Every structure is written in C-alpha cells, then in structure tokens.
Amino acid sequence: MPAARRYRLPDSRVYTEVVRIVKVRRVGNSNVVSIPREFEASGYTPGSSVLVEELADGELRILPTDRVRERVRQVADQLVGEHPEAMDILANNDPDADDPAA
C-alpha cells in the first residue's frame, strides 16, 4: 500500500488514501509503533533498520536506511541553498591547498 499523500490546509489535513491509526506501546524502556504489514513492500520488513527523524512541526518521519543517503543529499542541498556564503568560505579556505605565500 503506498503511503498516504497529505495536503496541508490551514488547521486541517486531507488524506487521499487509506491511513492506519496505530498505538504507541511501551516495550522495556522504549516506545514502539507497529508498522502494518502492508508496508513491507516499501522496505519496512522485520529486522530492517529505519531512520526516525523529528520534523519541525513535531511529526515523525520514518525512512528505510537504504534511503538515508538520498535524505542526507536533500538536507545538504537545502543547507547549501540557504547558506551559500558558508560554501564560499569553505571553498576559499581549503587547508589542504598549497599556500601561495609559502
């Protein structure tokens, strides 16, 4: 089953596909959320590793670890876009570059 698509409207959410409501349970010292079996085709299989990321609005994003590289690239692109001056500083101050004054 594909993940539900969500469209944000002021103070409301509209889901265009079936969603599942699951409970958070306590197992040992951890809180656990069961992922319905329908999501196994998307990589959420027993024993697989996932990245759990808290978003700015408090929502959680769960991502199979084989897609982490893609997510890191997205975050890096966003940071570079927001702070181009930092990239200029890094590019112009390479500690491994030959020192022209030497």
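Student: Where in the protein chain is confidence lowest, and where highest?
Tutor: Lowest in strand β1 (residues 6–9), with a mean of 56, and highest in β3, at 95. That is pLDDT, the predictor's confidence in each residue, from 0 to 100. Strands (E, at least two residues) and helices (H or I, at least four) are DSSP runs, numbered from the N terminus.

Student: What ground rules apply?
Tutor: This is a predicted model: local features need pLDDT of at least 70, side-chain atom pairs count only at pLDDT 80 or more, and totals for chains, interfaces and linings use all residues. Residues are numbered from 1 along each chain as its sequence is written, and side-chain values use heavy atoms, leaving out hydrogens and water.

Student: What does the protein chain average in pLDDT?
Tutor: The average is 80, and 78% of the residues score at least 70. Where pLDDT is low, the predicted coordinates should not be read in detail.

Student: In what order do the elements run?
Tutor: β-β-β-β-β-β-α-α from the N terminus. That makes six strands and two helices.

Student: How do β3 and β4 run, parallel or antiparallel?
Tutor: Antiparallel, with four bridges joining β3 (residues 24–27) to β4 (residues 30–33). Strands pair if DSSP finds at least two bridges between them. Arg26 has Asn31 in β4 as its bridge partner.

Student: What about the turn?
Tutor: Two residues lie between β3 and β4 in this hairpin, and Gly28 in the turn has a positive phi of about 65 degrees.

Student: New topic: what share of the residues counts as buried?
Tutor: 7% of the 102 residues. Buried means under 20% relative accessible area (1.4 Å probe, protein chains only).

Notes. Buried means under 20% relative accessible area, exposed over 50%, partly exposed in between (1.4 Å probe, protein chains only).
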